[in-house]
Amino acid sequence: MALSFGAMILIFSNSAQAQTNAPAPAGANVETDKDTGKPIVSTPSGLKYVDLVVGTGAAVKTGDHVSVNYVGKLLDGTKFDASADHGGTFDYVQGVTSLIAGWTEGTSTMKVGGKRKLIIPPQLGYGMQGAGDAVPPNATLIFEIELVAINNPK
């Protein structure tokens, strides 16, 4: 099922939401991000991420009301979506709002103030169907996400 907020497309997924803190093994040949030179973390699911800025605030937990800024791009650099295009932050409930699996997994270990680049393979993204005209089938997605705040109801 797709939900449309203006031009923004969020594809809901029923896939399991893997969460991991899998650091690279000591002494392993560590892959580095070509844009930043920072290490790329690879998870068992196939998700890869780069911590651009490690947050110093509260850690995200399942059920938290999260506010993020993000930009979504294809591997060729084509932007297909951004929170700024919709007037500000994107707000959702971590692990409850059904988003693509790569997003849920990739944000599950962030802290407030953190910025992370997610490299989401098709099976954790929009898969064989793609997302409208913006994301072709079997696309690898690049999201840069900044965790702005956790805004849990009091």
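These are my notebook entries on what I looked up in the structure above.

**Entry 1. Ground rules**

I am working with a predicted model, in which local features need pLDDT of at least 70 and side-chain atom pairs count only at pLDDT 80 or more, while totals for chains, interfaces and linings use all residues. Residues are numbered from 1 along each chain as its sequence is written, and side-chain values use heavy atoms, with hydrogens and water left out.

**Entry 2. The chain as a whole**

I looked up the elements and found one helix and nine strands in the protein chain. Helices (H or I, at least four residues) and strands (E, at least two) are DSSP runs, numbered from the N terminus. I wrote down their order from the N terminus as β-β-β-β-β-β-β-α-β-β.

Next came burial, where buried means under 20% relative accessible area, exposed means over 50%, and partly exposed lies in between (1.4 Å probe, protein chains only). Of the 154 residues of the protein chain, 42% count as buried.

I also looked at contacts (heavy atoms within 4.5 Å). Among contacts in the protein chain with a separation of 6 or more, 63% are between residues 24 or more positions apart.

**Entry 3. Strand S5 and its partners**

Two strands pair if DSSP finds at least two bridges between them. I took strand S5, residues 65-74, and noted that S5 pairs with S7 in the antiparallel sense over four bridges. One of the residues I checked was Val66, whose bridge partner in S7 is Tyr92.

S5 also runs antiparallel to strand S9 (residues 141-150), and nine bridges join the two. Here Val68 has Leu147 of S9 as its bridge partner.

With strand S6 (residues 79-82), S5 pairs in the antiparallel sense over three bridges. Lys73 has Lys79 as its bridge partner in S6. The hairpin of S5 and S6 has four residues between the strands, and Gly77 in this hairpin takes a positive phi near 95°.

**Entry 4. Gln94**

Is Gln94 buried or exposed? I found Gln94 buried, because its relative accessible area is 1%. Gln94 lies in the loop between strand S7 (90-93) and helix H1 (101-107).

The side chain of Gln94 makes a polar contact of 3.2 Å with the side chain of Tyr92. A polar contact is a pair of N or O atoms within 3.5 Å; within protein, one must be able to donate a hydrogen and the other to accept it, and residues adjacent in sequence count only if both atoms are side-chain atoms. Leaving aside neighbours within four places in sequence, I listed the contacts of Gln94, including Val60, Asp64, Val66 and Thr104.

**Entry 5. Salt bridges**

Side chains of opposite charge can pair when their charged atoms come close. A salt bridge is a side-chain nitrogen of Lys or Arg within 4 Å of a carboxyl oxygen of Asp or Glu. How many salt bridges does the structure hold? I found seven salt bridges.

Lys48 and Glu31 meet through their side chains at 3.2 Å, N to O. This pair links distant parts of the chain, with Lys48 in strand S4 (residues 48-53) and Glu31 in the loop between strand S2 (8-11) and strand S3 (41-42), 17 residues apart. Lys48 is partly exposed at 28%, and Glu31 is partly exposed at 39%.

Lys117 and Asp33 form another salt bridge, at 2.8 Å, N to O. Lys117 lies in strand S8 (residues 115-120) and Asp33 in the loop between S2 and S3, so the pair ties together parts that are 84 residues apart in sequence. Lys117 counts as buried at 7%, and Asp33 counts as buried at 5%.

In the salt bridge of Asp64 and Lys61, the distance is 3.7 Å, N to O. Asp64 is buried at 4%, whereas Lys61 is exposed at 52%. I also noted that salt bridges that share partners join Asp33, Lys34, Asp35 and Lys117 into one network.

**Entry 6. Gly125**

Gly125 is in the loop between S8 and S9. I noted Gly125 as buried, because its relative accessible area is 16%. From Gly125 to Trp103 the separation is 22 residues in sequence and 7.9 Å in space, C-alpha to C-alpha. Leaving aside neighbours within four places in sequence, Gly125 is in contact with Ile100, Ile120 and Leu141.
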